[in-house]
Amino acid sequence: MSARTFYGASLIASLLWATPLVGQTDFDAVEIRTVPLGGGIYMLVGSGGNIGLSVGEDGAFIVDDQYAPLTEKIKAAIAEVTDQAVEWVLNTHWHGDHTGGNENFGGEGALIVAHDNVYKRMNPADFADLVGRSQQAPEAALPVVTFDESITLHWNGETIHAFHVEHAHTDGDAIVHYVGADVFHMGDTYFNGRYPFIDVDSGGNIDGVIASADLVLRMAGSGTQIIPGHGELATREDLATYREMLSTVRHKVAELVRDGKSLEEAVAANPTADYDVAWETNPEGTDRFVGLIYRSLTEGR
């Protein structure tokens, strides 16, 4: 297998809608942890992407829904803070660790909303020109409301504003802002405390990831709480640290590209060395991160 194939496909295989990880993960052992953020907003942590939860008189509104086998546990965690059913699911992007529960919640009547490209990625049968790898989702799992640039929902007395960030983790990322509570859910544009996965095959790009961090940093204040796609609840300062790491490593990889280094040579140069102890101790993880930045800079997406 070539280096390009490895770096482009190694993690995608575990993120497809059909979630092959179901056969590898002991979901019976997973516990859903509920983190209250104030203003009727919570973060739910389990296996897969972190979930945002809004509760109130209108009904439960969740951002992302992890893996299908965890739906009943997620519903039980929600039931501990509200007796209302889940009325809305907003997907931050198409990967299966964030959309795996769509079919379950959609089948029970929840309305699913996402960026236009999430619908395309989850429904490739209708989009012959789709670039990249994805699998067909069941009809009940597909978004029924999609948007191009942004959408605002007024729910549970909260203004929930979702806006698209271009070519970041994928080509269909949405960042969600709970305006009144001063909480952001950044999906997988933000991995707190670890190197991110950039899905270049789905239109992702390191420059878009950095731009996403810049955008939220401009909007955030000292009291802002940030739900990352993966990792613990974060502050504006945490996000600024993440952004600095991304920019520094990108600059080093760009220098290697300008020097004519191949992907394999760029990885071997270990441009993440100053960060590995704090961000990633697994060499495969650091190699994958460098490889995906290299591809971001050389493939023109």
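**Exercise 1. Two helices meeting**

Which residues in α6 meet which residues in α7?

*Solution.* Before starting, note that this is a predicted model, where local features need pLDDT of at least 70, side-chain atom pairs count only at pLDDT 80 or more, and totals for chains, interfaces and linings use all residues. Residues are numbered from 1 along each chain as its sequence is written, and side-chain values use heavy atoms, with hydrogens and water left out.

Step 1. Find the two helices: α6 covers residues 206-219 and α7 covers residues 236-258. Helices (H or I, at least four residues) and strands (E, at least two) are DSSP runs, numbered from the N terminus.

Step 2. List the partners, where contact means heavy atoms within 4.5 Å. From α6 come I206, D207, V209, I210, A213, D214, V216 and L217. They meet R236, L239, A240, Y242, R243, L246, S247 and R250 of α7.

Step 3. Sort them by class. Ala, Val, Leu, Ile, Met, Phe, Trp, Tyr, Cys and Pro count as nonpolar, Asp, Glu, Lys and Arg as charged, and the others, Gly among them, as polar. The contact of α6 with α7 then has 10 nonpolar, 1 polar and 5 charged residues.

**Exercise 2. Describing the packing**

*Solution.* Step 1. Two packed helices are described by the angle between their axes and the distance between the axes. Axes are lines fitted to C-alpha atoms, for helices over the stretch in contact, and angles run from 0 to 180 degrees between N-to-C directions.

Step 1. For α6 and α7 the angle is about 150°, and the axes are 10 Å apart. Angles under 35 degrees count as roughly parallel, over 145 as roughly antiparallel, 65 to 115 as roughly perpendicular and the rest as oblique. The two helices α6 and α7 are therefore roughly antiparallel to each other.

Step 2. Now the handedness: a crossing is left-handed if the near helix is turned anticlockwise from the far one by less than a right angle, and right-handed if clockwise. The crossing of α6 and α7 is left-handed.

Step 3. Turn to α7 and α10 (residues 283-298), which pack at an angle of about 65° with their axes 10 Å apart. Their crossing is right-handed. Among the residues that meet are M245, L246 and V249 in α7 and F289, V290 and I293 in α10. By class, this contact has 11 nonpolar, 1 polar and 1 charged residues.

**Exercise 3. A sheet and the helix on it**

What is the strand order of the open sheet of 5 strands?

*Solution.* Step 1. The order is β8-β9-β10-β11-β12, with mixed pairing. Two strands pair if DSSP finds at least two bridges between them.

Step 1. Look for the edges: β8 and β12 (225-227) each pair on one side only. From one strand to the next, the twist averages 20°.

Step 2. Zoom in on β8 (residues 150-155).

Step 3. Follow β8 to its partner: 6 bridges join β8 to β9 (residues 158-165), and the two run antiparallel. Across this pair, T152 stands opposite H161 and I151 opposite A162. The hairpin has 2 residues between the strands, and N156 takes a positive phi near 55° there.
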